[in-house]
Amino acid sequence: MLIDVDQFKSINDKFGHAVGDDVLINVAQIILSQCPDDAIIGRLGGDEFIVVIPEGLQNAKQFAQNINAAVNNLDTIITDLQCSVSIGLATLTKGEQDIRSWFEAADKALYKAKKSRSQHVDRIRKLSQYNRIQIVQAVVLLHQPLSG
Ligand SMILES: Nc1nc2c(ncn2[C@@H]2O[C@H](COP(=O)(O)OP(=O)(O)OP(=O)(O)O)[C@@H](O)[C@H]2O)c(=O)[nH]1
């Protein structure tokens with residue numbers, strides 16, 4: 001799954017960069033606490049996180065719902081700060097699908113989730129799609145056991 005904090009730029013603009021950092025740390029801690037120990041978790045950059053769960057779509061949906069609920073109830077140092085995340089889910093079947101198509105599917109699902117939350121149609125990415133796929137590959141590779 002790909003997880004992206006909603007309207008994160010406005011959080012920075014309205015409450016300051018330090019509060020933005022605090023939100024990112026809290027969201028990262030929620031992701032870590034809600035996902036199973038064997039999940040691969042990484043930060044793609046900015047306000048976007050990647051989670052690969054080896055346990056199937058149904059479980060992933062449940063984890064996504066739990067993350068959503070925990071972020072919605074997040075207590076930050078600013079009382080009127082309401083946080084939410086958008087989550088894109090896609091399955092990765094060993095041997096049948098490459099990481100690139102998985103990432104593109106998850107990214108599409110994230111885009112859909114974002115669109116249903118707001119009227120943002122254009123998403124400007126800081127990284128090109130190519131770089132993002134390389135980062136995902138690096139995150140996943142880092143967690144693979146060394147062979148030999
Ligand atoms: N506080 C803080 N801000 C960061 C960090 N890394 C990136 N950012 C900021 O995160 C913001 C991300 O903004 P966008 O990519 O426009 O995303 P968004 O405002 O969440 O918009 P949507 O994803 O469409 O909801 C940018 O303003 C970056 O400067 C960081 O480590 N800490």
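1. **Basis.** The model is predicted: local features need pLDDT of at least 70, side-chain atom pairs count only at pLDDT 80 or more, and totals for chains, interfaces and linings use all residues. Residue numbers start from 1 along each chain as its sequence is written.

2. **Overall fold.** The protein has five helices and four strands. Helices (H or I, at least four residues) and strands (E, at least two) are DSSP runs, numbered from the N terminus. Along the sequence the pattern is β-α-α-β-β-α-β-α-α. Of the 148 residues, 24% count as buried. Here buried means 20 or more other C-beta atoms within 10 Å of the residue's own, exposed means 12 or fewer, and partly exposed lies in between; C-beta atoms are placed from the backbone. Among contacts with a separation of 6 or more, 60% come from residues 24 or more positions apart. Two residues are in contact if their C-beta atoms, placed from the backbone, lie within 7 Å.

3. **Sheet order.** The four strands form an open sheet in the order S2-S3-S1-S4, with antiparallel pairing. Strands pair if DSSP finds at least two bridges between them. Strand S2 (40-45) and strand S4 (85-88) stand at the edges; each has a single partner strand, so one side of each is left without a neighbour in the sheet. On average, neighbouring strands are turned by 20 degrees against each other, direction ignored. Axes are lines fitted to C-alpha atoms, for helices over the stretch in contact, and angles run from 0 to 180 degrees between N-to-C directions.

4. **Strand pairs.** S2 and S3 run antiparallel and are joined by five bridges. Isoleucine 41 has valine 51 of S3 as its bridge partner. Two residues lie between the strands in the hairpin of S2 and S3, where glycine 46 takes a positive phi near 55 degrees. S1 pairs with strand S3 (residues 48-52) over three bridges, again in the antiparallel sense. Leucine 2 has isoleucine 50 of S3 as its bridge partner.

5. **Strand S3.** Is this strand enclosed or open? Five of the five residues of S3 are buried, so S3 is largely enclosed by the rest of the structure. In a regular strand the side chains alternate between the two faces of the sheet. In S3, Glu48, Ile50 and Val52 point one way, and Phe49 and Val51 point the other way. Valine 52 is buried, with 20 other C-beta atoms within 10 Å. Valine 52 and asparagine 66 are 14 residues apart in sequence and 15 Å apart in space, C-alpha to C-alpha.

6. **Helix packing.** Helix H2 (residues 17-34) and helix H3 (residues 57-72) pack at about 145 degrees, with axes 10 Å apart. Their crossing is right-handed. A crossing is right-handed if the near helix is turned clockwise from the far one by less than a right angle, and left-handed if anticlockwise. H2 contributes Val27, Ile30, Ile31 and Gln34 to the contact, and H3 contributes Phe63, Asn66, Ile67, Ala70 and Val71. These residues divide into seven nonpolar, two polar and no charged. Ala, Val, Leu, Ile, Met, Phe, Trp, Tyr, Cys and Pro count as nonpolar, Asp, Glu, Lys and Arg as charged, and the others, Gly among them, as polar. H3 also lies across S1 and S4, running at about 170 degrees to S4.

7. **Two residues to look at.** Glutamine 7 sits in the loop between S1 and H1. Its phi is near 50 degrees, a positive value in a residue other than glycine. Glutamine 7 counts as partly exposed, with 16 C-beta neighbours inside 10 Å. Serine 10 is in helix H1. Serine 10 is exposed, with 10 other C-beta atoms within 10 Å.
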